[in-house]
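User: I would like to go through this model by asking what lies behind each label that is put on it. Please set the values against the criteria as you answer.

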Amino acid sequence: HQVNAIASRNALLAPYLKDASADTILLMCASLVIVSIVFLYTLKNVLYARPHSNEPPIVPYWVPFVGSAVTMGIDPIKFYRENQKKYGDYYTFILLGRRMVTCLGTEGNNFVFNAKIADVNAEDAYRSLTVPVFGRGVVYDVENAILMEQKKFVKSGLSVENLRAYVPMIEMETKNYIARWNMKSAVENIYHVTSQLIIMTASRCLLGEEVRSKLDESFAQIFHDLDGGFQPINFLFENLPIPSNKLRDQAHVKMHNFFLEIMKARRESNIKDRHDIMQYLTTECKYKDGRKLSDEESANIMIAMLMAGQHTSSTTSAWALFFLAENPELFEQLRQEQIKVLGSLDAPLTFDAIKKLTLHDNVVRETLRLRSPLLCIMRKVVRDLPIPNTNYVIPKGSYIQGVPTISSRSDEYFEQAEKFNPHRWEIFDKQNNKEHDDDFVDYGFGALNMSKARSPFLPFGAGRHRCIGEPFAYLQIKTILATIVRTFKFELPDNKLPECDFTTMVVRPKDPFIRYVRVDY
Ligand code: HEM
């Protein structure tokens, strides 16, 4: 009787019980979500507690360690710009366990590039990526004072006399290469083309004819494998046991030994009349303490030079051709400039003529303004670092990041900043030259104007780590462009510029296809 009574009560309550259990489940789920959020939030705060209450604001994130890696990786320009709007020129974000303090605007550029070595260093930021590729005893494997001396050696090796000798070499290499474009018009992977042109011309000019002559055979594979070591992941982890790192290590040994053999052969044959960097490094260079630069160091410096210029100059040349294709009227303007300076489009290019080709110069500059190959510059903070004119203090162990691309693509500094307009440079310098004559400093590789680091346009950096390859890069890219536009113009196959590929070490064009069209005179 009792059982029956319970059964009939349950039957009466059944619809309500059913509803109640659905509500309960909902309630439980909601509580679980809330508890998880609170848990993750607490975990995050425990793991990434702000060492300083006045650290720059932190971009919110949910997954500890990963931080903002995904949003930042998908479209870094959007990420930097959006957070600049929210937090101003200084903010922190978490990138795979690292605290990255982004420093924007001209003051942010100056803060990063002119930071003192007592406060920050580049070695700790770049070592894991570069030392296995470049090798021991050079660049970020040595203390800063030695790097400054090594930069001086290379800078002196890139003398006007040597640069003068390079122009005919670059012109000849480029002419030989484009001779294979024998159709009236065809589509080419232009990043592939410019990469080949840059490695051929750089190896010919900087490393010498022995290296250039091996480029079609063994050297190309060694270069390819060594280059494969430049994976962004290697920024974060040292010596990951991945196949590309194994190939990188083997390739480093092969390239290093290859250069040593050439040096030895040159000595034995008493060859002294070359204009390449190898000649200069192996005969002229002594450190301040009187020690001669060793062949091992020379070999690794040459590897570093080759690698420093390869992707930066290849991508700049490729983007320049894309921008020209987008603005076809510029082809005729460039050709007219050559006729004005050289008399005709058949005259051989010379160092003096290349210097006078200012529109060619401005095409390269404007390309670098919109597509600076190196998106960000990093330093590791080695002691708590206050940011001038703010209340912020950057905790020791963080990384600071300069992103001059954001200022160089900002309407705050450049009218219609996203538009490709090389002519803007004809007046920009006159209006914006705010250098102070007394603001010079020499870190060891030549006097630099400190106030330049406050510029919104810094594709070659500033301060003690400033690029010393700029004159060579301009000469190389301008000579390649000048040679190509004599015979060809370009069109965008889809009538739009390619998107940026941010997944590689330099900002490259995605699907870099372009149509060349032979010009008949
Ligand atoms: C440094 C850009 C070509 C050799 C730099 C830096 C930038 C840069 C932004 C500063 C890095 C930092 O502050 O952390 C470029 C661009 C190039 C180019 C955009 C081409 C378009 C070259 C070439 C060479 C070269 C052709 C060699 C012949 C160097 C060296 C440093 C440097 C030795 C100094 C590194 C240091 O002191 O830490 N480059 N570079 N670069 N670059 Fe270049």
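Analyst: A residue is called buried if 20 or more other C-beta atoms lie within 10 Å of its own, and exposed if 12 or fewer do. This is a predicted model, and in it buried residues make up 39% of the 521 residues in the protein. The protein has 20 helices and 14 strands, and its C-alpha atoms fill a box of roughly 115 × 60 × 50 Å along the principal axes.

User: Why is R508 called buried?

Analyst: R508 has 21 C-beta neighbours inside 10 Å, and the criterion asks for 20 or more, so R508 counts as buried. The residue is found in strand β13, residues 508-509. Leaving aside neighbours within four places in sequence, R508 is in contact with Y191, T315 and D501. The C-alpha atoms of R508 and L374 are separated by 10.0 Å, although these residues are 134 apart along the chain.

User: What makes a group of residues a nonpolar core, and which members touch the most others in the largest one?

Analyst: The members of such a core must be buried, must belong to a set of residue types that includes Ala, Leu, Ile and Met, and must be joined through C-beta atoms within 7 Å. Of the 113 residues in the largest nonpolar core, I277, M302, A320 and L321 touch the most other members. Helix α14 (residues 295-326) gives the largest share of this core, 15 residues. Leaving aside neighbours within four places in sequence, M302 is in contact with L207, F259, I277 and M278.

User: Which residues are closest to the ligand, and which element gives the largest share of the shell?

Analyst: The ligand is surrounded by 21 residues, of which G309, T312, G461, C467 and G469 are the closest. The elements that give two or more residues to this shell are α6 (144-157), α14 and α20 (470-487). The largest share, six residues, comes from α14. By class, the shell divides into 13 nonpolar, seven polar and one charged.

User: How do you know that β2 and β8 pair, and in which sense?

Analyst: Two strands pair if DSSP finds at least two bridges between them, and strands β2 (residues 98-103) and β8 (residues 399-402) pair in the parallel sense over four bridges. M100 stands opposite Y399 in β8. These strands belong to an open sheet of five strands with mixed pairing, in the order β1-β2-β8-β5-β3.

User: Why are β1 and β3 called edge strands?

Analyst: Strands β1 (90-95) and β3 (120-121) each pair on one side only. Helix α4 (residues 105-113) lies across β1, β2, β5 (377-381) and β8, and runs at about 130° to β8.

User: What makes the pairing in the three-stranded sheet antiparallel, and how many bridges join β4 to β14?

Analyst: Strands of a sheet pair through backbone hydrogen bonds, either parallel or antiparallel. Three strands form an open sheet in the order β4-β14-β11, with antiparallel pairing, and its edge strands are β4 (185-189) and β11 (488-491). The twist averages 35° from one strand to the next. Five bridges join β4 to β14 (residues 513-518), which run antiparallel, and E188 stands opposite I514 in β14. Helix α8 (residues 190-207) packs on this sheet, touching β4 and β14, and its direction makes about 70° with that of β4.

Notes
Residues are numbered from 1 along each chain as its sequence is written. This is a predicted model: local features need pLDDT of at least 70, side-chain atom pairs count only at pLDDT 80 or more; totals for chains, interfaces and linings use all residues. Two residues are in contact if their C-beta atoms, placed from the backbone, lie within 7 Å. A residue is near a molecule or strand if its C-beta atom, placed from the backbone, lies within 6 Å of it. Ala, Val, Leu, Ile, Met, Phe, Trp, Tyr, Cys and Pro count as nonpolar, Asp, Glu, Lys and Arg as charged, and the others, Gly among them, as polar. Axes are lines fitted to C-alpha atoms, for helices over the stretch in contact, and angles run from 0 to 180 degrees between N-to-C directions.
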